Amino acid sequence: MNLHVSAIQLDVGLDEPLEARRDRVASTIHDEAAAGADVVLLPEMWPMGWRAFDRYDEVAEPADGPTGAFLSALAGETGTTIVGGTFVERHGDHLHNSALVHGPDGERIALYRKIH
């Protein structure tokens, strides 16, 4: 059995609205799924940009927040497993650089919080 894995690179400008970036991500993942991708990998901190340190508190969200819902719906629509790069997750009083993984049915199958 072959496994087709697609790793996506994104130019993440801090001035680009999140909805526009989500549209680009959705379009790219749809294209990759149509080309036969079984798994799609997104880059680290794609929703807000890695160097937006001063905005982390403002953009942080729970794992089941808008980014998680977006990735879940996209995985279900395309029938692919999506490794959602990372985003700033708010968990209680803490912020984490976290990765979500959603299976082809859209269900979240993993959450990983970086430890360093």
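User: Why is Arg90 called partly exposed?

Analyst: The relative accessible area of Arg90 is 30%. Buried means under 20%, exposed over 50%, and partly exposed lies in between (1.4 Å probe, protein chains only), so Arg90 falls in the middle class. A word on the background: this is a predicted model, in which local features need pLDDT of at least 70 and side-chain atom pairs count only at pLDDT 80 or more, while totals for chains, interfaces and linings use all residues. Residues are numbered from 1 along each chain as its sequence is written, and side-chain values use heavy atoms, leaving out hydrogens and water.

User: What makes Asp57 and Arg90 a salt bridge?

Analyst: Their side chains meet at 3.1 Å, N to O. A salt bridge needs a side-chain nitrogen of Lys or Arg within 4 Å of a carboxyl oxygen of Asp or Glu, so this pair qualifies. The pair links distant parts of the chain, with Asp57 in helix 2 and Arg90 in strand 4 (residues 87-91), 33 residues apart. Helices (H or I, at least four residues) and strands (E, at least two) are DSSP runs, numbered from the N terminus.

User: Is Asp57 buried or exposed, and how do you know?

Analyst: Asp57 is exposed, because its relative accessibility is 52%.

User: Which residue does Arg113 meet in a salt bridge?

Analyst: Glu89, at 2.7 Å, N to O. Arg113 sits in strand 6 (residues 108-113) and Glu89 in strand 4, 24 residues apart. Glu89 is buried, because its relative accessibility is 2%, whereas Arg113 has 27% and is partly exposed.

User: Why is the aromatic pair of Trp46 and Phe70 called tilted?

Analyst: The centres are 5.9 Å apart and the planes stand at 45°. Rings of Phe, Tyr and Trp (its six-membered ring) pair if their centres lie within 6.5 Å; planes under 30 degrees apart are stacked, over 60 edge-to-face, and the rest tilted. The pair of Trp46 and Phe70 therefore counts as tilted. Trp46, at 0% relative accessibility, is buried, and Phe70, at 17%, is buried too.

User: What makes Phe53 and Tyr56 edge-to-face?

Analyst: Their ring centres are 5.6 Å apart and their planes are at 70°, so the pair is edge-to-face.

User: How do you know that the charged end of Arg22 sits over the ring of Phe70?

Analyst: The charged end is 5.6 Å from the ring centre. The rule asks for NZ of Lys or CZ of Arg within 6 Å of the ring centre and within 35 degrees of the ring normal. Arg22 also meets Glu19 in a salt bridge at 3.2 Å, N to O.
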